[in-house]
Amino acid sequence: MPQGKILLKPGTLWKSVKERTEHALQCGALLSIPTEFEFIEQDGIRFLVRILSNLNRKKAAKEKQEKQSVVSGQEFNPFLPYEEDLFVADISDTHVCILNKYNVVDRHLLIITRAFEEQESLLTLEDFAAMWACLADFDGLAFYNSGKSAGASQRHKHLQLVPLPLVPSGPQIPIEPLLKAGQFQEANVTLAKLPFVNAFAPLNPDWMRSPFTAAQATLEVYRSLLGAVGLDAKQLGAYNLLATREWMLIVPRSQEHFESISVNSLGFAGTLLVRNAAEMEILKAQGPMTILKNVAIS
């Protein structure tokens, strides 16, 4: 398969993110959802739990999408075409970067395929090349919700990228203390301190120098981790993928929700989102790690 082309100029992404965020806020294209947060500790991890202050924006948008789908007879796709006011950068000849319209985390990016691909499809060399091109200029956490049961809200294939740190104090990513045991392993490992099926592998930050070289190495790691948790191209189920410049984690999923609480990849990074006080009480009573165990496979 011929190698694609990276269009993103090194050293330009972060500047574009800041400029486009300001533009999108001023013109009303970016509709950030306000939250409050608190920390809840379990198993030695300080989980950051956000509670939504106002769901009306996202609820109204969902209702509008559903109405458009009924009228057109086709499922509405917000990425074809994407809103020009949310555009951040052309990453490659296969991927583009836009702002997450209904963001909870500031400067939350979506790395979307230019042509439609299913969100449940396997990640490719081009997907990882786009991811690394962004990570080279944006120190963040990349993640992929593969399928509705993994928390995916749109069918059009997209990775996501949020800046680090995820929390104002402590480890950059709350779950990192439990990942330390695997960070110095050469081979893929299962992190025994996580109470659910998982596969973890270190990545090499030096790979950033060449996105396609990095992508090839990362694709091999990705396939190996899928196999380690019992997933492959013939028997692909829902899973969450998390990756930084230094590591990758894959967690297969059994369901999207614990009671009414939806969990996506960020939950396995140690940050959860609840919609109201009732859900916050459920989370406190059960414990965040217990909730992750219930929506994963143990």
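## Strands β2 and β13

In this predicted model, R50 has L273 of β13 as its bridge partner. Strand β2 (residues 45-52) and β13 are parallel to each other and share four bridges. Strands here are DSSP runs of E, at least two residues long, and helices are runs of H or I of at least four, numbered from the N terminus. Two strands count as paired if DSSP finds at least two bridges between them.

## The three-stranded sheet

The open sheet has the order β1-β2-β13, with mixed pairing. On average, neighbouring strands are turned by 30° against each other, direction ignored. Helix α7 (residues 277-286) packs on this sheet and touches β1, β2 and β13, with its direction at about 15° to that of β1. Contact means heavy atoms within 4.5 Å. Angles run from 0 to 180 degrees between N-to-C directions, with axes fitted to C-alpha atoms, for helices over the stretch in contact.

## The eight-stranded sheet

Eight strands form an open, antiparallel sheet in the order β3-β4-β5-β7-β6-β9-β10-β8. Here β3 (87-90) and β8 (199-202) are the edge strands, each pairing on one side only.

Strands β4 (residues 95-99) and β5 (residues 109-113) run antiparallel and are joined by five bridges; I98 has L110 of β5 as its bridge partner. Helix α1 (residues 13-27) lies across β3, β4 and β5, at about 150° to β3.

## Basis of the values

Residues are numbered from 1 along each chain as its sequence is written, and side-chain values use heavy atoms, without hydrogens and water. Local features need pLDDT of at least 70, and side-chain atom pairs count only at pLDDT 80 or more, while totals for chains, interfaces and linings use all residues.
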